[in-house]
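Thanks, everyone. Please have a look at the sequence and the fold on the screen, and then I'll walk you through a few spots.

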Amino acid sequence: MSRVVVLGGSGAMGAQVCRLLRERGNDVLAASRATGVDVCTGAGLEAALSGADTVVDCLNVVTMSRRTAVSFFAGAATRVSDAAATAGVGHIVCLSIVNVTDPTVRRLTGYYAGKAAQEQAYAAGPVPLTLARTTAWFSLAETFLSQIRLGPLALVPGLALQPVHPLAAATFVADAVESGPAPTSPPSTSPTHAGPTHAGPTHAGPTHAGPTVRQLAGPQVMDAAVMARAVASARHPGVRVTRLPIPVRGLREALLPEPGVPQDQRTFEEWLTQA
């Protein structure tokens, strides 16, 4: 049995990850401000991570501001990484987004720039890291209905997405936890030079080989506005959706995964009728 701390464990995704990990027999702490853990200040972090085998980052901030997103995600990741190293945690799993390191994607919104900064902050730390990147979840369609509103009118960008079921994303993260960190290569014992021996550390930065990247996508390419209209029709009949065209094809399709990314086969229509 592993002890796992899930940051953002009271959120929609974090709560599902906690439930799945507990069902698999793990000792799970759902950490959030409600439990005295504040990633923005670092308050309660070291105590929460004490004795943990793995830390899962399911943190989120709802913003379109680049400055806010970068400050939140990078700042939190740095504090979590430092606290995890102090506590002797052996593995960090960070929930992230497919294609988030692509420059085109980072230009789409400040949110993606924040997630890219989060990945960079964790990768710069000493704790072995798994980046669990998924495409957008089906539930993003609900968010689209409230992001840009003019009364009953929701303006939704015409992005091409290959969204995935939220439960598939949660299972994907739980699997990454249980798979553990990538094995590290043993340090070389052969001398690298014939000069004098120096005491003290021989390197700075991470001691592991770099992050393990796992990816997951959904089964079909969809238009964000079409998704939002379907959710509005089923759950919010008073809301009308207007599609905002994106004239540059590179931007319109920047969030689609590359060929070969593993897919979960549950469809948007299944989620819409079950949720």
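**A loop, a strand and a helix**

Let's start with N99. Its relative accessibility is 17%, and the cut-off for buried is under 20%, so N99 counts as buried. Keep in mind that this is a predicted model.

Where does N99 sit? It lies in the loop that connects β4, residues 91–97, with α4, residues 103–108. Its backbone stands out on one point: phi of N99 is near 75°, a positive value, and the residue is not a glycine.

Now the strands. β4 pairs with β5 in the parallel sense, over six bridges. On to another partner of β5. Five bridges join β5 to β9, residues 212–216, and these two strands run parallel as well. Here, T134 has L216 in β9 as its bridge partner.

How much of β5 is covered? The strand spans residues 129–134, and six of its six residues are buried. In a regular strand, side chains alternate between the two faces of the sheet. In β5, L129, L131 and R133 point one way. T130, A132 and T134 point the other way. Both sets are buried.

Last, helix α7, residues 166–179. It has 14 residues, and at 1.5 Å a residue it should span 20 Å. Its end C-alpha atoms are 20 Å apart, which agrees. Which residues of α7 are buried? They are P166, A168, A169, A170, F172, V173, A174, A176 and V177. After α7 comes G180, with a positive phi near 80°.

Terms used
Residues numbered from 1 in each chain as written. Predicted model: local features only at pLDDT ≥ 70, side-chain atom pairs only at ≥ 80, totals over all residues. Heavy atoms only, no water. Helix = DSSP H or I, 4+ residues; strand = E, 2+ residues; numbered from the N terminus. Buried < 20%, exposed > 50% of the residue type's maximum accessible area, 1.4 Å probe, protein only. Expected span 1.5 Å × (residues − 1). Pairing = 2+ DSSP bridges.
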